Amino acid sequence: MRKLSPTFIYFFGALGGLLFGYDTGVISGALLFIEKESWHVSSWAWMEGWITAAVLMGAVIGAVVIGPMSDRFGRKRLLLLSAVIFFVGALGSGLSNSAELLIISRVILGMAVGSASALVPTYLSELSPAKIRGGVSTMFQLMIMTGILLAYISNYALKGVSGNWHWMLGLATVPAALLFIGGLFLPESPRFLVRHDNEAGAREILGMINDDPNSIEAEISDIQLMAKEEKQGGLQELFGQMSRPVLIMAIGLAIFQQVMGCNTVLYFAPSIFVAVGFGASAALLAHIGIGIFNVIVTYIAMRVMDKVNRRWMLNFGAWGMGISLVLMSVGMILAENAHIGFGKYLAVIALTVYIAFFSATWGPVMWVMIGESFPLKIRGLGNSFGAAVNWAANWVVSLTFLPLLSFFGTGKIFLIYAACCFLSIWFTSKKVIETRGKTLEQIEAELLHRVHHLENEEIK
């Protein structure tokens with residue numbers, strides 16, 4: 001096997017996140033031009049909802065169906081499959097000449113997005129040493145934010161080009177092809193190889209990312225021990241006593257990340273700018289500025305991820321997001337009064353601060369913790385379940401945003417998301433397990449010890 005640099009492995013391992021971000025972010029601008037197509041639909045608002053929601057529906061399918069297959073067929077093979085699905089979905093979207101074909105193509109894209117959200121955190125966590133695992137896994141979120149930024153830039157740059165929305169959607173074929181080509185050279189997860197009796201291959205791959213022979217042998221021994229004690233797991237193990245603490249944590253983190261309003265703020269930022277009094281062109285440019293800021297903050301989070309406890313980061317982020325949303329609501333309410341000019345500036349500053357807190361904490365930490373916490377025998381299945389819950393919560397929040405906006409008004413709706421931010425602090429303090437600095441096998445051993453302790457208590 002050709003020796004690869006850790007940078008190459010982690011970059012291409014995380015590249016699915018860029019497609020994740022681009023394909024979910026590009027539709028906000030493309031819809032402005034798709035609306036002008038003469039497709040003779042009875043209700044454009046209804047069709048717009050279907051086009052937007054198609055990716056979310058596909059993501060749930062991809063996370064549930066494709067993600068668990070990695071426990072049987074390997075992380076690398078499924079990453080390559082997701083690259084193919086990304087390419088097919090992006091090509092179909094770009095070439096669509098009807099609303100029905102576009103929706104079908106977006107569902108296919110969603111399947112790739114969902115599978116990537118389940119596969120990439122697992123792959124990165126299994127191929128990184130404990131001391132840098134948080135930073136490496138955060139590359140997934142950095143790629144997502146970079147993809148969203150590229151979507152914003154392409155939307156703005158292509159707005160005057162003939163067939164603009166076709167190009168906006170079709171450009172995703174380029175990183176999809178790059179992911180497939182790079183993926184051909186990626187190594188398989190050493191955890192998967194040990195479980196399938198290929199210890200020599202696992203040892204060789206660990207040597208690419210770790211130059212300490214003693215550390216490699218110790219890690220191989222730990223993986224072997226866990227692999228021998230456990231058989232391939234299924235739903236019974238996922239909902240069993242040992243996995244229950246991690247399952248509760250994963251479900252809670254996945255739901256809270258969405259009900260804090262992250263996607264409504266990220267995707268509807270231009271609409272928010274327009275609502276408080278900025279022009280449409282200024283709103284689009286500001287959207288690009290926020291995208292750049294987002295990438296920078298996520299990179300900073302990647303650098304500090306392994307120096308600060310995960311739980312502390314989650315609580316710190318929740319406080320910051322909650323307070324920012326309250327201030328944003330106040331600013332938007334004041335902006336409705338034409339005589340109070342500083343309201344719109346307060347709203348924009350608070351929105352930017354909110355995104356900074358999300359990108360530095362809940363954005364990456366949720367994916368990192370889900371990717372590293374489940375036992376080896378159900379890691380693919382567990383991560384897929386967590387990703388599916390996250391996408392389902394995303395769908396619910398997206399579906400309810402406009403009705404809630406109509407009922408409560410532009411400013412007050414964000415107070416609901418702020419309340420969810422503060423509620424998450426209780427959940428994190430009570431239900432989230434600290435994982436920083438621990439090997440995947442140490443995390444698993446602690447779960448096993450907890451089960452034995454509970455069993456002994458029941459016997460007494």
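In what kind of crossing does α19 pass α23?

Guide: It is a left-handed crossing of α19 past α23. Some ground rules come with that. The model is predicted, so local features need pLDDT of at least 70 and side-chain atom pairs pLDDT 80 or more, while totals for chains, interfaces and linings use all residues. Residues are numbered from 1 along each chain as its sequence is written, and side-chain values use heavy atoms, without hydrogens or water.

Left-handed means the near helix is turned anticlockwise from the far one by less than a right angle; clockwise is right-handed. Helices here are DSSP runs (H or I, at least four residues; strands are E, at least two), numbered from the N terminus.

Now the pair itself. Helix α23 covers residues 413-431. Helix α19 covers residues 310-335. Their axes come within 8 Å and cross at roughly 165°. Axes are lines fitted to C-alpha atoms over the stretch in contact, with angles from 0 to 180 degrees between N-to-C directions. That angle makes α19 roughly antiparallel to α23 (under 35 degrees is roughly parallel, over 145 roughly antiparallel, 65 to 115 roughly perpendicular, the rest oblique). The contact residues divide into 16 nonpolar, six polar and one charged. Ala, Val, Leu, Ile, Met, Phe, Trp, Tyr, Cys and Pro count as nonpolar, Asp, Glu, Lys and Arg as charged, the others, Gly among them, as polar.

Asp306 lies between α18 (280-304) and α19 (310-335). Asp306 is buried because its relative accessibility is 17% (buried is under 20%, exposed over 50%, partly exposed in between; 1.4 Å probe, protein chains only). The Asp306 side chain reaches the backbone nitrogen of Gly135 at 2.7 Å. Beyond four places in sequence, Asp306 touches Ala130, Lys131, Ile132, Arg133, Gly134, Gly135 and Arg436 (contact is heavy atoms within 4.5 Å).

Now the next helix along, α20 (residues 342-360), which holds Leu346. Leu346 sits 19 residues from Leu327 in sequence and 7.2 Å from it in space, C-alpha to C-alpha. Neighbours within four places aside, Leu346 contacts Leu327, Val330 and Gly331. With 24% relative accessibility, Leu346 is partly exposed.

Gln257 belongs to helix α15 (residues 244-259). At 3% relative accessibility, Gln257 is buried. The Gln257 side chain makes a polar contact with the Asn390 side chain at 2.9 Å (N or O atoms within 3.5 Å, one able to donate a hydrogen and the other to accept it; sequence-adjacent residues count only if both atoms are side-chain atoms). Residues up to four places away not counted, Gln257 touches Cys262, Phe358, Trp362, Gly363, Met366, Trp367 and Asn390.

For comparison, take α1 (residues 6-14). Its axis and that of α7 (residues 99-126) come within 9 Å and cross at roughly 165°. That makes α1 roughly antiparallel to α7. The crossing is left-handed. From α1 come Ile9, Tyr10, Gly13 and Ala14; from α7 come Val120, Tyr123 and Leu124. Those residues divide into six nonpolar, one polar and no charged.

Helix α1 also meets α8 (residues 133-157), with axes within 9 Å and a crossing of roughly 45°. That makes α1 oblique to α8. This crossing is right-handed. Tyr10, Phe11 and Ala14 of α1 contact Val136, Met139, Phe140 and Met143 of α8.

Helix α2 (residues 16-25) is mostly covered, with ten of its ten residues buried. Among them are Leu18, Leu19, Phe20, Tyr22 and Asp23. Gly16, Gly17, Gly21 and Gly25 are buried in α2 too.

At 73% relative accessibility, Asp197 is exposed. Its phi is near 60°, a positive value in a residue other than glycine.

Back to the pair you asked about: α19 passes α23 left-handed, at roughly 165°.
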